[in-house]
Amino acid sequence: MTEAIQLHISLDRSEPLIWRKVLVPKEISFFKLHQVIQISMGWTNSHLFEFNIEGFKVGINYEHIKDMEVDHLMDSKETYLTEMISEPGECIKYWYDFGELDTV
């Protein structure tokens, strides 16, 4: 049986507060977590994304694109939630649509 983690997802600067609670497998990749957030928020997966955990950045690796800054970016398909968090209540910032700079 797969262990699950309950996440509380909330939008910064929303009034009233917009939030969701989701259960995800403990060994979920950040790429799959991005998909869970997209579905739970009703978004269309039409923008770039990045997770930030205490200064570590996790996102899509665009090494093949010259102009994309990929310094210190961990690949979301190869980085797992349990590798980056260890304590209940830890905060993960999720950037989606860099033009808007909204966070979850």
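**Pocket lining, salt bridges and ring pairs**

Biologist: Which element gives the most to the lining of the largest pocket?

Modeller: That is β1, with six residues in the lining. A pocket here is an open set of points on a 1 Å grid over the protein atoms alone, where a 1.4 Å probe fits, with protein on both sides within 12 Å along at least five of seven lines; lining residues have an atom within 4 Å of a point.

Biologist: What kind of model is this?

Modeller: This is a predicted model: local features need pLDDT of at least 70 and side-chain atom pairs pLDDT 80 or more, while totals for chains, interfaces and linings use all residues. Residues are numbered from 1 along each chain as its sequence is written, and side-chain values use heavy atoms, without hydrogens and water.

Biologist: Back to the pocket. How many residues line the largest pocket, and which lie nearest its centre?

Modeller: The lining has 23 residues, and Leu7, His8, Ile85, Glu90 and Ile92 lie nearest the centre.

Biologist: Which elements supply at least two residues each?

Modeller: β1 (4-10), α1 (30-41) and β6 (93-96) do.

Biologist: Changing topic. How many salt bridges does the structure hold?

Modeller: Two, with a salt bridge being a Lys or Arg side-chain nitrogen within 4 Å of an Asp or Glu carboxyl oxygen. In one of them, the side chains of Lys26 and Glu3 meet at 3.7 Å, N to O. Lys26 sits in the loop between β2 (19-25) and α1, and Glu3 in the segment before β1, so the pair links distant parts of the chain, 23 residues apart.

Biologist: Is Glu3 buried or exposed?

Modeller: Glu3 is exposed, at 51% relative accessible area, whereas Lys26 is partly exposed at 31%. Buried means under 20%, exposed over 50%, and partly exposed in between, with a 1.4 Å probe and protein chains only.

Biologist: Which residue forms a salt bridge with Asp12?

Modeller: Lys93 does, with the closest N and O atoms 3.1 Å apart.

Biologist: What about rings? How many aromatic pairs are there?

Modeller: The structure holds seven. Rings of Phe, Tyr and Trp (its six-membered ring) pair if their centres lie within 6.5 Å; planes under 30 degrees apart are stacked, over 60 edge-to-face, the rest tilted. Among the pairs, Phe51 and Tyr94 have ring centres 4.9 Å apart and planes at 45°, so this pair is tilted. Phe51 is in strand β3 (residues 49-53) and Tyr94 in strand β6, so the pair ties together parts 43 residues apart in sequence.

Biologist: Why is the pair of Tyr94 and Tyr96 stacked?

Modeller: Tyr94 and Tyr96 have ring planes at 10° and centres 6.2 Å apart, so they count as stacked.

Biologist: Buried or exposed, that Tyr96?

Modeller: Tyr96 counts as buried, at 9%. Tyr94 is buried at 2%, and Phe51 counts as buried at 1%.

Biologist: Which residues do the ring pairs link into a cluster?

Modeller: Phe30, Phe31, Trp43, Phe49, Phe51, Tyr94 and Tyr96.

Note on methods. Helices (H or I, at least four residues) and strands (E, at least two) are DSSP runs, numbered from the N terminus.
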